[in-house]
Amino acid sequence: MISLRRRSTLVVPAAALLLVYASAQDVRSHRAPRLTAQQSGTINRLQAVSPVNSRIVWVSGVNGTYAVTTDGGEHWKPGVVAGAETLQFRDVQGISEKVAYLLSAGTGTDARVYKTEDGGESWSLQFENRDPNAFYDCFAFWTPKRGIAMSDSVDGQFPVIETTDGVSWQDIGNRLPTAQAGEAAFAASGTCVATQGKRRAWIGTGGAEKARILATTDGGDTWSAYDTPIVQGTASSGVFSVDFRDPIHGILGGGELAAPTTIAETLARSNDGGRTWKLVSEAPFPGAIYGLSYVRELHGDSEESDSDEADDRAASHGSRSVVITGPSGAAWSPDEGDRWFTLPGLKNYWAVAFASPHAGWLVGTDGRIVKISF
């Protein structure tokens, strides 16, 4: 949607990131996470991160950039996709040490999906947008071969695409609710779409009269739209990021791009699968929330366990801790937003994701990566 351009960067010495403690009140009841700076090998802005497990992590960014680690971030191997040097890879999905997908955001043919099966040595072009009015923002996967990618609306419809074989992508826009005038997503951190289990997914929107969540419980065959209470009503406001820890409990973040110095109602929580949302405590830093993630353990998926029962058994067992990030700062909550504690020194980090409570990563401007461990 709206181009999220490079902002001023606060340079923090690596030594200052090694260990950060929260306020005295927090120390009595909760331990603040440890923050460790890592060297990505690139100076390009990084906008998305996808842990496969605590050792294998993929990141992506502008100027055709990606990077991968196989040792938890002790060493990163950066690269640029041939023929995509001018593209902005706003999202990445890591599958294994060898397999990953990249999504470039942009209008027309700048919006593409690439896949590697050899650790980034080569990339195959799977999808290239031909609609000059479409703008693909983010994607998410249920399994290594089943995923969806979100686009801003075109003529009242969302040209969302899906893959069911990990090779080809088809338009399923006719299955989604009718779009509002100007309704779109935000390509900030690759987290405007979240999947959970084998069939559930949520898409966060904005840029229109109402900021909504579009939700499916059957793998994208049918969708419903639900209103949210956060900042909305302009072309530059709405939901930027959404995550669910189980089929029922989720959190979203967003804001107003035109008000980077204002603290506003940018966070909300759902306890019914995304049907209704209630505001939580305000973030302790101003401006929009670009990315957020539950502090949870990743679990391997397989097609054979494709069942609603498996999803339901996972309900209520996920961690309630959440990390949020944006240009103005980063923070964490032990209770899904009832209280927030600032992560000092972290500004201009655009995305965050976890493989486990002990292994999470924030990525941001100038190729910066910070490992976060609870």
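**Figure 1. Overview of the predicted model.** Accessible areas come from the Shrake-Rupley method with a 1.4 Å probe. By that method, the accessible surface of the protein chain is about 14300 Å², and 48% of it belongs to carbon and sulfur atoms. The model is predicted. The protein chain has 374 residues, of which 59% count as buried. Its secondary structure comprises 2 helices and 28 strands. Of the contacts between residues at least 6 apart in sequence, 55% join residues at least 24 apart.

Figure 2. Strand β22 covers residues 291-294. G291 and S293 point one way, while L292 and Y294 point the other way. All of these residues are buried. In a regular strand, side chains alternate between the two faces of the sheet. β22 pairs with β23 (residues 322-326) in the antiparallel sense, over 4 bridges. Within β23, I324 is the bridge partner of L292.

**Figure 3. Salt bridge between E128 and R130.** The whole structure holds 13 salt bridges. One of them joins E128 to R130, with the closest N and O atoms 2.7 Å apart. E128 is partly exposed, at 22% relative accessible area. R130 counts as exposed, at 64% relative accessibility.

**Figure 4. Salt bridge between R175 and D221.** The side chains of R175 and D221 meet at 3.6 Å, N to O. This pair links distant parts of the chain, 46 residues apart. R175 is in the loop between β13 (170-171) and β14 (193-196). D221 is in the loop between β16 (212-216) and β17 (224-227). Both ends are partly exposed: R175 has 31% relative accessibility, and D221 has 47%.

Figure 5. The closest N and O atoms of R245 and E336 are 2.9 Å apart. R245 lies in the loop between β18 (237-244) and β19 (250-256), and E336 in the loop between β24 (329-333) and β25 (341-342), so the pair ties together parts that are 91 residues apart in sequence. R245 counts as buried, at 10% relative accessibility. E336 is buried too, with a relative accessible area of 2%. Salt bridges with shared partners join R245, D246, R320 and E336 into one network.

Figure 6. The whole structure contains 16 aromatic pairs. W202 and F244 form a stacked pair, 3.6 Å centre to centre with 5 degrees between the planes. W202 is in strand β15 (residues 200-204) and F244 in strand β18, 42 residues apart. Both residues are buried: W202 has a relative accessible area of 1%, and F244 has 2%. The ring centres of F240 and Y290 are 5.7 Å apart and their planes lie at 25 degrees, so this pair is stacked. The angle decides the label, because planes under 30 degrees apart count as stacked. F240 is in strand β18, whereas Y290 is in the loop between β21 (278-279) and β22, 50 residues apart. F240 is buried at 0% relative accessible area, and Y290 is buried at 1%.

**Figure 7. An aromatic cluster.** Y101, F139, F141 and W169 form one aromatic cluster.

**Figure 8. Arginines over aromatic rings.** The charged end of R45 sits over the ring of W350, 4.6 Å from its centre. R368 lies over the face of Y349, at 4.2 Å from the ring centre.

Key:
Residues are numbered from 1 along each chain as its sequence is written. This is a predicted model: local features need pLDDT of at least 70, side-chain atom pairs count only at pLDDT 80 or more; totals for chains, interfaces and linings use all residues. Side-chain values use heavy atoms; hydrogens and water are left out. Buried means under 20% relative accessible area, exposed over 50%, partly exposed in between (1.4 Å probe, protein chains only). Two strands pair if DSSP finds at least two bridges between them. Contact means heavy atoms within 4.5 Å. A salt bridge is a side-chain nitrogen of Lys or Arg within 4 Å of a carboxyl oxygen of Asp or Glu. Rings of Phe, Tyr and Trp (its six-membered ring) pair if their centres lie within 6.5 Å; planes under 30 degrees apart count as stacked, over 60 as edge-to-face and the rest as tilted. A charge sits over a ring if NZ of Lys or CZ of Arg is within 6 Å of the ring centre and within 35 degrees of the ring normal.
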